[in-house]
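Please find below a colleague's note on the model under review. The points move from confidence and overall make-up to particular elements and residues.

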Amino acid sequence: MKNWKLWISSIFLLVLLFFVFAGPHLPFVDQDLKQTGVVKTKEGAFILPPIPPREGFPLGSDHYGVDVLSQIIMGAKETLTIVVLVVFVRYLIAIPLAIGGFYSRLLEVFLQAWQQVFSFMPPIFFVSFFVTLPFIFFSPDRAMLIILVLAVLETGRVAEIILQHMKETQKRPYIEAGIVAGGSPLGMFKKYYLPVVLPHIIILIINDMGRVLFLLAQLGIVHIYVTHKFVSEESGAYEVVNTSLAWPTMFRTITADIFSYEWIPFSVIGAIAMTIYTFNMFADGLQKFFEKKYRTFRTDL
Amino acid sequence: MILRSVLYQMLLWCIATTIFLALLFLPRTADYTAGPRGMFISAKYDYSAQVHVQQFKDFFKYIKDNKGLGTVYNGHSLNENILRTFKKSMLITIPALMIGLFLGIAKGVFDFRIRSRRGKLFGVRTTRFFLSIPDLFLIISLQLLIMEGYEAGILPHIKVYGSEEPSVILLDIIFLAIYPLFYIANITYFSIRDEQGMDYIRTALSKGTSSFKVLYRHVLKNCYVKIFSHTNTITLYTLSNLFIVEYLTNYRGAAFFFYETLASPAIFRTGQQFEISLYPAAGYIILFTAIIFISKTLSQIAKGLVSPIERRESS
């Protein structure tokens, strides 16, 4: 019970997963996200949307009269899917690159160059560069391409951290013992490196999920979303609209909302903050757990 | 030693800027496939290396012809305009980074000294907590609190939105400094912890030096190397965050305009080409990467000056 962080965050995580999968079927969640035109109070006054938090609208409603709480719960699945996809692609590239860099000097140089060049690029600049390129903007696979861009953005950083960790492990005396005992490179990797490196990677992955969600939230504020659609207008022009339910899309009108309809941005950022906090706490708890299990002390941050 | 690493960083800076510009000058013309009466069906994009190279050539020719980046509508030269907005951004970025770095180290030392005393809840736990929640949440909450506080009559009228208000500049500095501060505090705490049990600390203590002096004179000096190697992370983060903070407070700095030059259109017509203002964007790119280069160089120099080990090696 000492590792309370792990326990509490596990419960939070379960609650989150519950909302992702069972949330849409809960009684207080409006599955169709129907728009409410006007609400009449008991005193006979009329309230036009956006409706402030009140009975029937626990977190208020947005500009179309759609319940914010329902939107958040319905959007959870999509948001987390994007996050998981980005992290998955990122580590799919980073792990082989890091392990390759450990054994091959050439790959290591490549990795360092990648990391150094990317360290000159603030993430939001980099993403906003790509989204306007026509071949991404019009591509039917735009969502996938943006996920790829988001993944590549920090692949170098992640690979570098894993590589450094492996190098630090290499210096430990027990590795020498393994070599003296006649371990083959493959055997050494499986039995000596992997048990130390794998927990580290798991913690990194969970931390990265928080980071990606945060980046998505930031991008949402500057109107960069992962999915969008073109809708024709009366004038013959096409409007780029966003049909997604993902959380960051609810920041669309944040600069206006924050003055009078503060419950909209505040609920969304609250949901995002809770989720990120859960991920980070879970990673902290896991780290403590692995440290105890493998009796490694903490040498890196 | 220092000179060599500075030259190396400069080379990297040139490479990174070239890659950035190459991305910026990617040809952005799309071929539309239109249905009857201009109905949008699809758009195709063909990359042509020739156009790409031509864009580069045009850019350098343009600079040569105009002796700068040209003029904008209000008669000011674009150079002046970019520099003015850039200065505005730096007015909030540099203080934020300094506050983040120095207060962060102070907070880390505080966390370490209080770690097993009463009030340790305000130590490393607080730091971890603030690192774990996104600063976006804190920014929005703070803005709301200030506004609610005024409505409730507790706070005087503080402007949280605007471009020239001193209160906005102050708030922006605080917003930008939140994450670097706690990040550096965390790094400082753990690097002090890692130094524990080293021989030099025992030697210093056995000679009768007070633990306070040992911490500041001996331990921290060894920690600076680790701390300064993270300055790039916080600079990068702060520049990225500048977009958000400037947008949320309507502060018209460089990031705000840089975003505007790049923003994707909300409405388009069939056949419309996605022109973005290339030249201002190019100007901003060079300046922003320059800031990262300067921060990298400064941290290299600081490392060399502060660390006892590096100093010995260079002499």
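1. What is the mean pLDDT of chain B, and what share of its residues reach 70 or more? The mean is 78, and 82% of the residues of chain B reach 70 or more; pLDDT is the predictor's confidence in each residue, on a scale from 0 to 100. This is a predicted model, in which local features need pLDDT of at least 70 and side-chain atom pairs count only at pLDDT 80 or more, while totals for chains, interfaces and linings use all residues. Residues are numbered from 1 along each chain as its sequence is written, and chains are lettered from A and ligands numbered from 1 in the order in which they are written.

2. For the complex, the predictor gives an ipTM of 0.80 and a pTM of 0.85.

3. Chain A has 11 helices and 4 strands, and chain B has 12 helices and 3 strands. These elements are DSSP runs numbered from the N terminus, helices being H or I of at least four residues and strands E of at least two.

4. Of the 301 residues in chain A, 40% are buried; in chain B, 32% of 315 residues count as buried. A residue is buried if 20 or more other C-beta atoms lie within 10 Å of its own, exposed if 12 or fewer, and partly exposed in between, with C-beta atoms placed from the backbone.

5. Two residues are in contact if their C-beta atoms, placed from the backbone, lie within 7 Å. Among contacts in chain A between residues at least 6 apart in sequence, 69% join residues at least 24 apart. For chain B, residues 24 or more positions apart account for 72% of the contacts with a separation of 6 or more.

6. The largest nonpolar core has 137 residues, and those touching the most other members are Leu150(A), Val212(A), Leu213(A), Val268(A), Ile272(A) and Ile184(B). Helix α6(B) gives the most to this core, with 16 residues. Such a core is a set of buried Ala, Val, Leu, Ile, Met, Phe, Trp, Tyr and Cys residues joined through C-beta atoms within 7 Å. Leaving aside residues up to four places away in sequence, Ile184(B) touches residues including Leu101(B), Ile105(B), Ile227(B), His230(B) and Ile234(B).

7. Just after α8(A), Gly182(A) takes a positive phi of about 90 degrees.

8. How do α9(B) and α10(B) cross, and how do their axes approach? The axes come within 8 Å and cross at roughly 95 degrees, which makes α9(B) roughly perpendicular to α10(B). Axes are lines fitted to C-alpha atoms, for helices over the stretch in contact, with angles from 0 to 180 degrees between N-to-C directions; 65 to 115 degrees counts as roughly perpendicular. Leu242(B), Phe243(B), Glu246(B) and Tyr247(B) in α9(B) meet Ala255(B), Phe256(B) and Tyr259(B) in α10(B).

9. Asn250(B) is found in the loop between α9 (231-249) and α10 (254-262) of chain B. Its phi is near 60 degrees, a positive value in a residue other than glycine. Asn250(B) counts as partly exposed because 14 C-beta neighbours lie inside 10 Å.

Key. Angles under 35 degrees count as roughly parallel, over 145 as roughly antiparallel, 65 to 115 as roughly perpendicular and the rest as oblique.
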